[in-house]
Amino acid sequence: MDILVIAGVDISHLRLVDLANLADQAKPFYSWVEEQFQRVFGHEESLDALLQQLSLDHIRLGIDTCYSAMGNLPLLFDGVGRSYPHSKACFYFFAWLIRDAPQQRLNPLIIKIVKESGMSRIKAEIDVLSRLIIAYRQTVKTFSWDALREVIIDRLEGSRRSIKGHEREAVVRRALIIAIQNYFTTHRHYGIYQGVEISEKQVTIGNETFDLAIDLLNTQSEIVSRILIPIKTRETEGGGHAHLFTRDIVSAMSVIQSFQTDYLMVVIVAKNWAKRETDTLTNLVDHLVVIDLAPSEFVTFDNEAQIGLNTFIANVFNGKLKPKSREG
């Protein structure tokens, strides 16, 4: 990232770059929704054009098709890179097209409608979203990706402000999102899996805690494999941290040993990490990322680290890479 300095004063707006990069990962969801509408109505026009022209019943049908879709579903994320369940992702996506503050302002209204009408929650959401699009599409004028991208950046910033203690996990989440969305954008599926879910919080197995986990799902939405991810940071150079971290990773490997389908990916953020320890961990784990920065400087994956992660995720999705834990 470029740093802007004037007279020794840093005026960089790195948060904007970060949020814009995360917002860009919503493009596959937008493209997928567009494809659903095109398929249902047999048109090749853009989502923008279709939402401007279709009747209320047709818009309702298009949104319902997105809600009820199964398998190989795209992901949508909050401000720290946590993926929404599919129905909530659909709700937020269509709400962002036409309404501000869907959770704070629109959600209470939908709850009242459900209570008064007896409709199901999802049916009420679809009806509300469809009517809002019809009522205000001439006012908003466009449902293009470029317009929605600006809205998403704003929503992500608000979401991030409401979530604390996310810094290092958020950076790794964003890198994972980029890798996952890069694969989905190219293939429109997740390889040998039907879906993926990124954990919302730490995952504990036995006595070991993993900062993040990616669940890899089958057609019944059952977990058939996981990518478990501990994140290790070292504030100062030197000391015995490298050996202690390696010992921790070995312990984690022993815990997941009985889960023969689980992958172990390790992220280390530290200055001048010992090469011997790097070599040891490279041989132990399924994917290793070493970021040569102090934790306070860790705001993104560099290009080399991101490309390596993209390749790892692609090989897992393609079934080309088997977990080293299988070998015992």
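How many aromatic pairs does the count come to? The count comes to 16 aromatic pairs, where rings of Phe, Tyr and Trp (its six-membered ring) pair if their centres lie within 6.5 Å, and planes under 30 degrees apart count as stacked, over 60 as edge-to-face and the rest as tilted.

Before selecting anything, note that this is a predicted model, in which local features need pLDDT of at least 70 and side-chain atom pairs count only at pLDDT 80 or more, while totals for chains, interfaces and linings use all residues. Residues are numbered from 1 along each chain as its sequence is written, and side-chain values use heavy atoms, with hydrogens and water left out.

Select Phe37 and Phe41 in helix 2 (residues 27-41), which are four residues apart, about one turn of the helix; helices here are DSSP runs (H or I, at least four residues), numbered from the N terminus. Their ring centres are 6.1 Å apart and their planes stand at 50 degrees, so the pair is tilted.

Next, select Cys66 and Cys90. The sulfur of Cys66 is 5.7 Å from that of Cys90, its closest cysteine sulfur, too far for a bond, since a disulfide is a pair of cysteine sulfur atoms within 2.5 Å.

Terms used:
Helices (H or I, at least four residues) and strands (E, at least two) are DSSP runs, numbered from the N terminus.
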